[in-house]
Amino acid sequence: MNAIAQPLKKANRLKTSSLNNKMVNDYWTDVFNAKAEGKLVCWYEGVAINPLMQAADIRWVHGEAWSALLAARNNEQEAQTAAEHRGYMKELCSYARTHIGCGVLAQNRGVEASGSSFSDALGAGKLGERIPAPDMFISAYPYCSTGQQWDEMLFRLFGKKVPIFNISVPWVWGNKPDAIYLGGTEFNEAKQYMVKQLRACTKFIEEQTGKKYNWDSLGEIMSYTKTAGRLRMEAMELCNAKPAPASFFDWTTSLAPVNFIPGGPGIVEYFEKTKAEIVQRIADNEGGIPQEKYRLFWDGIMNWNKIGWLANKFANYDANMVAGRYTHMGFWHEHESIDLNDPLEGMAVNYLVCPINLSAPLMIEQIIKLCKHYEIDGMVLHAARTCRAFSNPQYLIADAVQKRLGLPVAMIEGDMVDESFYKDELVNSRIEAMLESIEARKRVGIAA
Amino acid sequence: MSIDAIYSAFERAAEQPLESAKAWKQTHGTRVVGSFPMHFPGELAHAAGCLPVILQENHEPITVGHGMIYPFYCGFTRSVVDQACKGDYDFLDAIMFGDHCVQVLGAADVVRAKLPNTRVHFYQLISSMSDPWSLGRARETFLNLKEGLEEMIGHPIDEEATHASIRLFNKNRQLLRKLYDLRRAGDARITAKQMQILVKSSMVMDKAAHNDLLGRLLAEIEKTKAISQRGMRVYLSGHFCQSPKIGVLDMIEECGGIVVDDDLYHGQRYISTDVDETGDPLDALAKWYLERNLKVPCPTRVDQNADWENYLLDAMERSRADGMIVLMAKFCEPHMYYYPEIKEAFEKRGVPHLLIETEHELNSFEGLRTRVETFLEVVKRQSAARRIAA
């Protein structure tokens with residue numbers, strides 16, 4: 001079990017991932033060019049409301065996506081330090097700290113920073129400083145109170161001069177006995193409340209652009225989004241094959257097209273190719289890791305500083321992270337609910353059942369289904385230090401999968417974009433203990 | 001009753017809130033409805049014939065609760081989980097809550113799992129206060145809460161009973177505010193600890209009984225002439241869901257601070273705003289919910305019409321405070337978000353403040369004392385310099 005004694009094995013990442021990198025770079029290039037091209041820029045966090053902006057020809061900066069990119073490209077430090085100097089503490093959501101830090105840097109930056117291209121800023125290690133300042137904020141954060149407060153603090157940081165619109169996303173808790181996943185009195189009421197706010201948001205957007213809202217464009221964007229969502233889910237579901245042709249880490253890398261990349265033929269083509277690669281791998285009996293001995297489930301958000309590192313770490317343990325709450329329970333996973341003639345309700349449904357917005361009993365049922373579908377042997381719960389939204393139900397989830405499915409679990413601590421919370425040796429020992437436990441179960445013939 | 005005896009009665013309820021509620025239930029046969037802080041209107045539960053009790057962080061070390069929640073959560077959240085795991089809430093007939101602080105939501109899921117036979121109901125209050133639909137949404141939420149209570153008691157809540165509860169709760173807030181006024185004006189010597197137990201006991205006691213004791217206390221205080229005090233006038237800010245440790249409050253006063261005012265939840269924040277006693281009670285409660293945030297802005301809400309930092313600067317002036325001590329519960333995200341705004345505004349205005357981060361497990365108390373002593377010395381010198389300059 002000792003990782004050091006083993007020859008190093010690496011994850012067999014999907015080849016289509018490289019297309020994702022290009023889309024991400026093109027997208028941020030467009031964002032950086034927004035001001036020069038006379039486009040408005042919206043800063044927002046939380047659920048994927050970007051189709052609303054795209055239909056109005058606005059460019060958008062998703063706070064989490066931006067902070068994740070900074071971390072993945074080792075550009076997060078400057079923004080985090082700027083936030084810390086202003087008084088934001090380390091225990092605050094690291095996404096928020098990084099994004100707000102960019103706001104602080106934007107206030108302080110010199111004239112030379114304006115008009116900087118994405119590639120120039122990346123080359124100079126100045127991505128955080130040079131992101132275009134917002135012309136508006138839209139807040140639509142599910143479950144986590146911190147999201148709405150994060151937008152509010154950005155609004156205040158920019159002197160309360162940039163217009164802000166708040167969408168309040170109700171938590172799917174379930175007071176009434178009829179509460180079920182995607183149904184029940186409260187869920188239906190929450191859906192209508194969301195639709196009302198989304199419609200009001202389009203009015204807000206009209207006020208900012210001075211143009212009538214383009215509903216036809218929204219329908220067209222959502223048709224691509226819906227198709228991309230379907231293809232992604234189909235591709236992921238195929239990964240119940242043994243060996244699984246891709247891992248949770250591949251699906252994490254592939255979130256951008258269903259999270260913030262503009263809805264268009266590009267995102268559909270991306271998932272068509274991804275699915276084709278999955279199908280081909282299954283035909284070739286090719287796994288997402290060189291040798292699949294264990295099939296694991298990842299609960300929790302991603303550690304963006306460590307994505308490649310973790311993918312290889314688990315590959316080296318012959319452990320394929322086949323599925324996860326983050327990837328499989330969100331990002332247009334309920335694509336069937338989207339009616340292209342009137343997409344707001346379907347959008348609301350997807351926002352309401354995103355991976356953090358279900359109360360524990362409803363969430364656990366969905367996780368159990370996934371664990372069964374993917375024939376999972378064990379669960380890794382990533383306790384992101386500054387993301388209580390994801391960490392909240394983890395003891396209940398761990399308890400449920402241990403009792404109901406007999407799965408061994410490993411709880412590891414880390415973070416989304418603050419590398420300092422990750423302790424590699426602790427992670428190693430906990431994973432190894434879990435794998436030992438899976439081995440023991442296999443020896444007595446009770447593993448999946 | 002002597003002043004000491006009255007304070008002792010308040011203290012028993014404040015320090016043993018669950019025992020106090022349990023005793024009330026046994027004696028009076030009423031249902032007990034627990035709620036999480038900070039915006040739950042106890043008036044409706046009271047009108048339903050229940051004893052509303054705001055659940056408190058207790059002083060016990062967190063033990064079994066560690067098995068259900070991570071350590072990087074605020075003391076209140078961890079303590080609530082710990083109490084639920086230890087069966088302390090088993091006597092409650094319901095837990096109803098409306099605030100959606102992410103950490104409290106985590107605790108709520110655990111509490112519901114640990115209390116399978118108890119109604120643990122969530123009525124999510126809109127936390128964005130200045131939207132066109134904020135008032136209407138707040139009313140809808142209170143209507144849902146009322147219906148939830150009615151379902152529990154098996155009959156409708158009488159409108160006149162709701163008006164009576166509103167009047168009773170208003171009276172309670174008014175009496176407590178009177179004590180604040182007396183302290184601020186220097187007409188009554190009420191320590192920070194005493195003020196905390198007065199407000200905290202109000203959160204857990206029957207309001208009529210609390211009003212009765214407050215009336216007696218005021219009568220006794222009015223008989224006594226306050227002795228003028230020497231020391232630096234201190235304003236306490238922060239600490240939302242959980243009450244500050246009594247030891248910290250005592251230490252601030254031992255170091256020469258006189259706490260003259262606060263915006264603590266276990267203080268002014270809880271009692272700041274009355275509910276309109278006329279008209280539709282749900283309309284009145286919805287209005288109260290929004291107005292409350294303008295009276296004492298809360299960082300757990302987002303409100304374009306309220307600025308907490310300006311409120312604090314004005315409150316400091318009103319209470320003629322020399323310095324402000326910010327008590328921040330470790331891991332409290334709303335407070336961590338807003339603190340830089342306060343820091344900036346206070347530094348810009350040259351008003352001294354000290355940030356103290358507090359924990360459920362109180363560590364390095366002596367280190368804290370040194371920081372407070374130093375801060376009060378700085379405040380003293382600055383005040384002296386200002387007087388000379390004037």
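**Exercise 1.** Describe how α1(B) passes α9(B), and state which residues make the contact.

*Solution.* In this predicted model, the crossing of α1(B) over α9(B) is left-handed. On the α1(B) side, the contact is made by B:I3, B:I6, B:A9 and B:F10, and on the α9(B) side by B:L213, B:R216, B:L217 and B:E220. Sorted by class, this contact has six nonpolar, no polar and two charged residues.

Next, take the geometry. Helix α1 (residues 3-15) and helix α9 (residues 207-223) of chain B pack at about 150 degrees, and their axes lie 10 Å apart. Angles over 145 degrees count as roughly antiparallel, so α1(B) is roughly antiparallel to α9(B).

**Exercise 2.** For helix α15 (residues 365-389) of chain B, compare the reach with the expected value, then find which residues are buried and what covers them.

*Solution.* The helix has 25 residues and reaches 36 Å from its first C-alpha to its last, close to the 36 Å expected at 1.5 Å a residue. The buried residues of α15(B) are B:V372, B:F375, B:L376 and B:V379. Their cover includes the strands β5 (232-238), β6 (257-262), β7 (323-329) and β8 (353-358), together with helix α10 (246-254), of chain B.

**Exercise 3.** Characterise the side of chain B that touches chain A.

*Solution.* Start with the count: 35 residues of chain B are in contact with 33 residues of chain A. Elements of chain B that each supply at least two residues to this side are α5 (102-114), β4 (119-122) and α14 (333-349). The most comes from α14(B), with eight residues. By class, the side of chain B that touches chain A has 19 nonpolar, eleven polar and five charged residues.

Conventions. Residues numbered from 1 in each chain as written. Chains lettered and ligands numbered in written order. Predicted model: local features only at pLDDT ≥ 70, side-chain atom pairs only at ≥ 80, totals over all residues. Helix = DSSP H or I, 4+ residues; strand = E, 2+ residues; numbered from the N terminus. Expected span 1.5 Å × (residues − 1). Buried ≥ 20, exposed ≤ 12 C-beta atoms within 10 Å, placed from the backbone. Contact = placed C-beta atoms within 7 Å. Nonpolar A, V, L, I, M, F, W, Y, C, P; charged D, E, K, R; others polar. Axes fitted to C-alpha atoms, helices over the stretch in contact; angles between N-to-C directions. Parallel < 35°, antiparallel > 145°, perpendicular 65-115°, else oblique. Left-handed = near helix turned anticlockwise from the far one by under 90°.
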